[in-house]
Amino acid sequence: MRWSRYYLYTTREVPADAEVVSHRLMVRAGMIRKEAAGIYSYLPFGWRSLRKLSAIVRREMDAAGAVELHMPVVHDADLWRESGRWQAYGRELLRVKDRHERDFCLGPTHEEVVTDIVRRDVRSYRQLPTNLYQIQVKFRDEIRPRFGLMRGREFIMKDAYSFDVDDAGLDAAYEAMDLAYQRIFTACKLEFSRVEADTGAIGGSSSHEFMVLAETGESEVVSCRECGYGANVERAETRPLAAPEPEEPAERREVHTPDCATVAEVAELLGVGPERVVKTLLYETTAGPVAALVRGDREINEIKLANHLEVPEVTLAGEALVRSLSGADVGFAGPVGLPDSVRLIADDSVRGLTNFVCGANKTDAHLTGVNLERDVDLAEFTDLLLVTGGDACPRCGNELGLSRGIEVGHIFKLGAKYSEAMSCNYTDEEGRERPMEMGCYGLGIGRTVAAAIEQNHDDKGIIWPLPLAPFTVLVLPLTNRDESVVGAAEGVYQDLVARGVDVLLDDRDERPGVKFNDADLIGVPVRVVIGSKSLADGNVEISLRRDGEKELVPVEGAVERAAELAAG
RNA sequence: CGGGGCGUAGCUCAGCCUGGUAGAGCGCACGGUUCGGGACCGUGAGGCCGGAGGUUCAAAUCCUCUCGCCCCGACCA
């Protein structure tokens, strides 16, 4: 491709709304253009990268036995009513009406459509298993789109859906996808982590996320160096915490703790460690008010709490509700003497604590010497702990590390949730009708490209990993005025084209400084610089964007060398 | 949806407080000089000051409403 004939316009100005590097660089490098909040055009240079990724994804999906199809963006509301998600999905589902006032929505995901397809075609166990995938635009009317392609409203995603006769089949399908994902991200040369994930609203039994590790990631994950355990903090577990020394039960008494609304303040005033304080958090849930107890030095994992309660979400109670439930200002709630209407659930970290401190349900007062068994009628213990770095690995006990990641892939076992709701059944060997066991496997295409940039850049621009680079070689003649330079560049360019290398020739009539800076910005991995001086000695300069180290190569050998570097 | 901020040239922004001829840098066009890390000089084009209403002799500027965008909190590939 000749730059002068291509459509690639870089910019020096950084867009005002770009917060993270990948967004900034994608805009500056002429890869994307915002059309509306969370909605982007993929400009030619950016689109090439997405296509490179898509090709890798297709290759691995096909190899794993999945079959590509293409489903609509606009979905009939009836399908969504059938699965129950027309109601359940919330405002993220963009609903539209056609000219006949019929309800439709823009597909945020395709379980309904794919299930509808399969139930019409597949009748017998003989036709299973099957796994269908597509690479398609999806739309989720995100509350707050941000970070460019990382969290758009319209985005491109690969999603696969597996259909099996039973759990064992589903397990096999899941494992095949799991492996395919690992192969995909490895092939992209991305540093990623595969972690256990919460299944969330989609439901199902098992779920893993694939995280590209990056500072700007929106997810937190813990991982164990020793045994390879990794989990999203939403889901992560740990071993029982080391409990403070037990003491002989002391007398319970109320102490005056003015303005001590946080554990740290109370602990300091009373001269005890925060691990001897119990924190009581009041939540508002669709299942009624709940008080969640956790040791004072730790935090509640609200996802675990919601899962335990089997509700979609929990919300921390507001001031007014706290006052009406506990009879005190925020910060003084405690398990002793709460109204019966409040369901009391304690994290395991509270179990066995002796003589602890907690709120007295009275403003400016706490209780000391509290002992659960004696003072509280409490039966419900469970794991509500928000695991963090430094906690013990639940498998091997070693210390867990904490890092941030960009969720680029998420695989789920759905089970029969959709197949039952939508009668996606097959007939088994005995002639019985059964719902299919489903799995779904998502991979964010645009997000993965953004993540690749997030992970591979410097202060001058993008440093493409070879497999995702829009072009692998940039031929850069330093001037258009020196016939020999132009001729040599043309020669190298055409030979590389003939070899099938993705090569970009910067034939623009620009000053060298402009070309160099653009070259750094767009990050093409291999650079062939052709200038009058070195060419006078019969040489060209070849360098890698990654390290910038220049290597003088005779013109005749340039194509060979560049092609070799471009091949990895 | 709550809290905060911003809409002025293609882009990044000043001007608004204190009303009176709409500005800068970059980019773009033309001429010239330059040419191995975002050159320089000269000339020029380019604006419904987000939209609607109001106050005023006069509104980018003050007031009201509206639309859009961005940032901080609850979602997810």
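Reply: Contact means heavy atoms within 4.5 Å. The model is a predicted one. With that cut-off, and leaving aside neighbours within four places in sequence, Ile303 is in contact with Asp198 and Glu234.

Me: Where does Ile303 lie, and is Ile303 buried, exposed or partly exposed?
Reply: Ile303 belongs to helix H8, which spans residues 302–309. Buried would need under 20% relative accessible area and exposed over 50%. The relative accessible area of Ile303 is 27%, so the residue counts as partly exposed.

Me: How far apart are the C-alpha atoms of Ile303 and Leu384?
Reply: Along the chain, Ile303 and Leu384 are 81 residues apart.

Me: What share of the contacts in chain A with a separation of 6 or more comes from residues 24 or more positions apart?
Reply: Chain A is built with 16 helices and 31 strands, and of its 568 residues 52% count as buried. Among its contacts with a separation of 6 or more, the share that comes from residues 24 or more positions apart is 69%.

Me: Which residues does Leu521 touch, not counting residues up to four places away in sequence?
Reply: Leu521 sits in helix H14, residues 512–522. With a relative accessible area of 2%, against a limit of 20%, Leu521 is buried. Not counting residues up to four places away in sequence, Leu521 touches Thr10, Thr11, Leu25, Arg28, Ala29, Lys460, Gly461 and Ile462.

Me: Why is helix H1 described as largely enclosed by the rest of the structure, and which elements are included in what covers its buried residues?
Reply: Helix H1 runs over residues 21–28, and six of its eight residues are buried, so the helix is largely enclosed by the rest of the structure. The buried residues are Val21, Ser22, His23, Leu25, Met26 and Arg28. What covers them includes strand S1 (32–36), strand S2 (39–42), helix H12 (445–455), strand S25 (457–458), strand S26 (461–462) and H14.

Me: Which residues of helix H5 are buried?
Reply: Helix H5, residues 111–121, is mostly covered, with eight of its eleven residues buried. Those residues are Glu111, Glu112, Val113, Val114, Thr115, Asp116, Val118 and Arg119.

Me: Which two residues does a cis peptide bond join, with omega about 5°?
Reply: Most residues other than glycine have a negative phi, and most peptide bonds are trans. The loop between H5 and strand S7 (130–139) holds Pro129. With omega at about 5°, the cis bond joins Leu128 and Pro129.

Me: What values of phi do Lys189 and Ser423 take?
Reply: Lys189 is in the loop between H6 and strand S9 (192–196), and it is exposed, with a relative accessible area of 55%. Ser423 is in the loop between helix H11 (417–421) and strand S22 (425–427), and at 47% relative accessibility it counts as partly exposed. Neither residue is a glycine, yet phi is positive in each: near 60° in Lys189 and about 50° in Ser423.

Me: How many aromatic pairs does a search of the whole structure find, and why does the pair of Tyr42 and Trp47 count as tilted?
Reply: A search of the whole structure finds eleven aromatic pairs. The ring centres of Tyr42 and Trp47 lie 5.7 Å apart, and rings pair if their centres lie within 6.5 Å. Planes under 30 degrees apart count as stacked and over 60 as edge-to-face. The planes of Tyr42 and Trp47 are at 50°, so this pair is tilted.

Me: How many residues apart are Tyr174 and Tyr441, whose pair links distant parts of the chain?
Reply: Tyr174 and Tyr441 form a tilted aromatic pair, 6.3 Å centre to centre with 55° between the planes. Both Tyr174 and Tyr441 are buried. Tyr174 comes from helix H6 (residues 167–187) and Tyr441 from strand S24 (residues 437–444), and the two are apart by 267 residues.

Me: At what distances from the ring centre of Trp86 do Arg81 and Arg95 lie over its face?
Reply: Each arginine lies over the face of Trp86. For Arg81 the distance from the ring centre is 5.1 Å, and for Arg95 it is 4.7 Å.

Key
Residues are numbered from 1 along each chain as its sequence is written. Chains are lettered from A and ligands numbered from 1 in the order in which they are written. This is a predicted model: local features need pLDDT of at least 70, side-chain atom pairs count only at pLDDT 80 or more; totals for chains, interfaces and linings use all residues. Side-chain values use heavy atoms; hydrogens and water are left out. Rings of Phe, Tyr and Trp (its six-membered ring) pair if their centres lie within 6.5 Å; planes under 30 degrees apart count as stacked, over 60 as edge-to-face and the rest as tilted. Helices (H or I, at least four residues) and strands (E, at least two) are DSSP runs, numbered from the N terminus. Buried means under 20% relative accessible area, exposed over 50%, partly exposed in between (1.4 Å probe, protein chains only). A charge sits over a ring if NZ of Lys or CZ of Arg is within 6 Å of the ring centre and within 35 degrees of the ring normal.
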